[in-house]
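Trainee: Could you help me learn to read how helices pack in a model like this one?

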Amino acid sequence: MALRNDYVTPRFNGTFFFDKPPLALWFSALSFKLFGFSEFAARFPVAFAATALSLLTWWFGKKYFTERTALFAGCMVALNPMMIGTARQMTMDIHQSLWFAVAMFGFYVAWTSNDKKQKWMYLAISVGCGFSVLSKSVPGLFPLVCILAFIALEKKGQLRDILSALGSLKPIINLLILAAIIVPWHYFAWRNNGKIFYEEYWLLHHVQLLNGKDFNHTQPFWYYIPMLLAGLFPWSLLLPWAVRKPSTSESTVNTHRFLLT
């Protein structure tokens, strides 16, 4: 991208690369422009995103728990095999994780605030989901599922209350922002590449992947459980204590429920 000045069509060794949307590639191309062509420049954006994710976790912990909890939470995010390994690779995963957190934390700040100005933090949902989609496609919308599940729990499954809560999330503005972030690249990539983009990006890397026919994504549904436990070691050993209901204030209990969701 940096050499061709073509920021619509990704290429890998000269061939089309429509495995994922291009946000991680854009950041690395920008890094090349700023720092020159080097391994540092290639890896810097993902390392920056990993650092930002750790700091964002620390900030959330400080806001809703204690300074000590925040410090431990930030360190747990930063210091585990999965983060240390992934944050050194020029991949899309950490970018998606960062924007996923932006969507979730922005929602919760607005949800728990009585300040009308902070209710605009609901717009972080669309911003986070939009850039998360541009990082690694459709899974970037998963925060919407988590938010819906949390609201359903908070409203005890009462449909009218759930719909009322969803209406307070500024859904029209959020949808417009989400579309403004997601649509342009997909449109220009299709316009510039036509059938190749449709077949590579949509059919191969979405439809066939969903059907389990693409690459080696054929592991059973429980595959990610041991992988996550190993990847988050040694902090995964603390999971039984993490899921216990805290015997503190109601606000802490609600935040704990949100994090589990």
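This is a predicted model: local features need pLDDT of at least 70, side-chain atom pairs count only at pLDDT 80 or more; totals for chains, interfaces and linings use all residues.

Trainee: How do the axes of helix α2 and helix α3 cross?

Mentor: Start with the angle between the two N-to-C directions, where a value over 145 degrees counts as roughly antiparallel. Here α2 (residues 39-64) and α3 (residues 67-78) have axes that cross at roughly 155° and come within 7 Å. The two helices are therefore roughly antiparallel to each other. As for handedness, the crossing of α2 past α3 is right-handed.

Trainee: Which residues make the contact?

Mentor: On the α2 side they are L53, S54, T57, W58, G61 and K62, and α3 contributes E67, A70, L71, A73, G74, V77 and A78. By class, this contact has seven nonpolar, four polar and two charged residues. When you read such a list, remember that an α-helix has 3.6 residues a turn, so residues three or four places apart point the same way.

Trainee: Is S54 buried or exposed?

Mentor: Buried means under 20% relative accessible area. S54 has 11%, so this residue is buried. S54 lies in helix α2 and touches G74, V77 and A78, leaving aside residues up to four places away in sequence.

Trainee: What span does helix α5 reach from its first C-alpha to its last?

Mentor: Compare the span with the one expected at 1.5 Å a residue: α5 (residues 93-112) reaches 29 Å, close to the expected 28 Å. Helix α5 is also mostly covered, with 15 of its 20 residues buried.

Key
Residues are numbered from 1 along each chain as its sequence is written. Side-chain values use heavy atoms; hydrogens and water are left out. Axes are lines fitted to C-alpha atoms, for helices over the stretch in contact, and angles run from 0 to 180 degrees between N-to-C directions. Helices (H or I, at least four residues) and strands (E, at least two) are DSSP runs, numbered from the N terminus. Angles under 35 degrees count as roughly parallel, over 145 as roughly antiparallel, 65 to 115 as roughly perpendicular and the rest as oblique. A crossing is left-handed if the near helix is turned anticlockwise from the far one by less than a right angle, and right-handed if clockwise. Contact means heavy atoms within 4.5 Å. Ala, Val, Leu, Ile, Met, Phe, Trp, Tyr, Cys and Pro count as nonpolar, Asp, Glu, Lys and Arg as charged, and the others, Gly among them, as polar. The expected span of a helix is 1.5 Å times one less than its number of residues. Buried means under 20% relative accessible area, exposed over 50%, partly exposed in between (1.4 Å probe, protein chains only).
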